[in-house]
Amino acid sequence: REAADEAIRLDPTDAWAHVTRAGVRPDPAETAAGIADATIALTLEPGHPYAWYYRGKKYYLRGDYRQAIADLTEAIRLKPDFADAHATRGGCYLRLGDYERALADYVKAAEIQPTNGRWPLLWALPALGIAGAMLAFAFSAARRQHDAGHGRAAREECGQRTARGAE
């Protein structure tokens with residue numbers, strides 16, 4: 001982030017620097033600042049697909065799914081092969097209960113970038129259909145929760161063993 005800050009200090013009209021800084025603000029507390037950075041980039045360069053994407057992603061993280069969809073749709077219009085924009089927009093549709101559009105975006109993301117490890121179930125969606133896809137997502141979420149619980153339980157057990165060993 002320091003590099004983006006320095007680039008903006010040297011040239012405040014550098015749209016890429018603003019986009020970069022918007023993209024490297026992972027802290028939810030910085031969502032508004034990320035939106036502001038992306039908005040500045042769009043003022044400087046309205047046709048910048050990554051500025052639309054990062055602003056849309058920040059709106060998504062804030063829970064403003066309709067605004068996120070609008071921005072992500074513009075990113076996709078400017079860069080149709082933008083797999084991350086399709087996947088993020090799919091997440092917005094999923095949270096709004098529009099499963100058909102969610103599935104279409106997830107499938108498109110998988111077609112564009114089938115080996116992306118961030119989307120482990122996407123490659124199977126076309127064969128699963130909507131009901132199967134929703135079941136697969138539910139299973140995936142349940143598995144992550146289960147795995148997280150086992151990880152926590154294992155850490156607690158390890159801590160108890162360590163404490164007993166020190167006695």
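This is a predicted model: local features need pLDDT of at least 70, side-chain atom pairs count only at pLDDT 80 or more; totals for chains, interfaces and linings use all residues.
1. Aromatic count. The model has four aromatic pairs, counting ring centres within 6.5 Å. One of them joins Tyr-53 and Phe-82.

2. Geometry of that pair. The ring centres of Tyr-53 and Phe-82 are 4.9 Å apart. Their planes meet at 40 degrees, so the pair is tilted.

3. Tyr-53 belongs to helix α4, residues 49-62. Phe-82 is in the loop between α5 (65-78) and α6 (83-96). The pair therefore ties together parts that are 29 residues apart in sequence. Tyr-53 is buried, and so is Phe-82.

4. Surroundings of Phe-82. Lys-79 lies over the face of Phe-82. The distance from Lys-79 to the ring centre is 5.9 Å; the cut-off for this contact is 6 Å.

5. Packing of α4 on α6. The axes of α4 and α6 are 10 Å apart, at an angle of about 25 degrees. Angles under 35 degrees count as roughly parallel, so α4 is roughly parallel to α6. The crossing of α4 past α6 is left-handed.

6. Residues at that contact. From α4 come Tyr-53, Lys-57 and Tyr-60. From α6 come Asp-84, Ala-85, Thr-88, Gly-91, Cys-92 and Arg-95.

How values were computed. Residues are numbered from 1 along each chain as its sequence is written. Side-chain values use heavy atoms; hydrogens and water are left out. Rings of Phe, Tyr and Trp (its six-membered ring) pair if their centres lie within 6.5 Å; planes under 30 degrees apart count as stacked, over 60 as edge-to-face and the rest as tilted. Helices (H or I, at least four residues) and strands (E, at least two) are DSSP runs, numbered from the N terminus. Buried means under 20% relative accessible area, exposed over 50%, partly exposed in between (1.4 Å probe, protein chains only). A charge sits over a ring if NZ of Lys or CZ of Arg is within 6 Å of the ring centre and within 35 degrees of the ring normal. Axes are lines fitted to C-alpha atoms, for helices over the stretch in contact, and angles run from 0 to 180 degrees between N-to-C directions. Angles under 35 degrees count as roughly parallel, over 145 as roughly antiparallel, 65 to 115 as roughly perpendicular and the rest as oblique. A crossing is left-handed if the near helix is turned anticlockwise from the far one by less than a right angle, and right-handed if clockwise. Contact means heavy atoms within 4.5 Å.
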